[in-house]
Amino acid sequence: MNKIFHINTDNVNTLLLIAGHQKAQVLKQTFLSLLLLLTLANSYAAQSTTEPASTQQASINSEESRMWITIGERRFAATLADTDAAREFAAMLPLTLDMNDLNSNEKEADLPKALTTDTYRPATIKNGDLMLWGSRTMVMFYKTFNTSYSYTRIGHIEEAADLPQKLIRRRVQVTFSRD
């Protein structure tokens with residue numbers, strides 16, 4: 001009887017070792033899968049809200065990066081971003097656009113020609129942001145809000161607090177100039 005018990009014990013131990021090894025393999029595979037998913041999710045989150053290096057913040061108060069935006073009688077100072085699209089846009093100036101309202105938070109108009117794009121997801125649009133949507137649509141934002149859309153940075157209007165009052169009409173004529 002002892003021998004049978006001993007054989008059963010060996011079989012049980014062998015089965016436990018096999019079962020334990022299989023469980024360990026399953027746990028290891030599960031852990032590695034979760035680690036991979038977390039790494040990918042973290043990478044995507046960082047990528048989707050970070051501006052590309054070429055579109056970091058607009059240069060500050062450089063004469064080269066300054067432009068003016070005139071709406072009616074009000075003239076706003078704006079700073080161009082350090083992007084190819086902003087430089088291409090500046091080369092078009094002076095430029096007058098008839099801008100239409102969209103979503104009660106932005107004015108948009110098609111440009112005469114397409115610009116180079118370097119899109120990113122800003123997460124938050126700020127009052128006064130000047131962005132390129134697609135390769136040809138200039139967008140002037142006059143409210144701050146969250147977004148999931150991607151844009152190419154063109155610049156930012158300084159002291160834009162009264163911008164919403166100037167853009168109240170559905171359609172407005174906006175002149176962009178360097179002087």
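Q: How many contacts beyond four places in sequence does the model have for residues 2-7?
A: This is a predicted model, where local features need pLDDT of at least 70, side-chain atom pairs count only at pLDDT 80 or more, and totals for chains, interfaces and linings use all residues. Numbering starts from 1 along each chain as its sequence is written, and side-chain values use heavy atoms, with hydrogens and water left out. Over residues 2-7, pLDDT (the predictor's confidence in each residue, from 0 to 100) stays under 50.

Q: Which other stretch has pLDDT under 50, with 30 contacts beyond four places in sequence?
A: Where pLDDT is low, the predicted coordinates should not be read in detail. For the protein chain, the mean pLDDT is 79, and 66% of residues reach 70 or more. The stretch with pLDDT under 50 and those 30 contacts is residues 42-61.

Q: What share of the protein chain's contacts with a separation of 6 or more comes from residues 24 or more positions apart?
A: The element order from the N terminus is α-β-β-α-β-β-β-β-β-β-β-α-β, with helices (H or I, at least four residues) and strands (E, at least two) taken as DSSP runs, numbered from the N terminus. Among contacts with a separation of 6 or more, residues 24 or more positions apart account for 64%.

Note on methods. Contact = heavy atoms within 4.5 Å.
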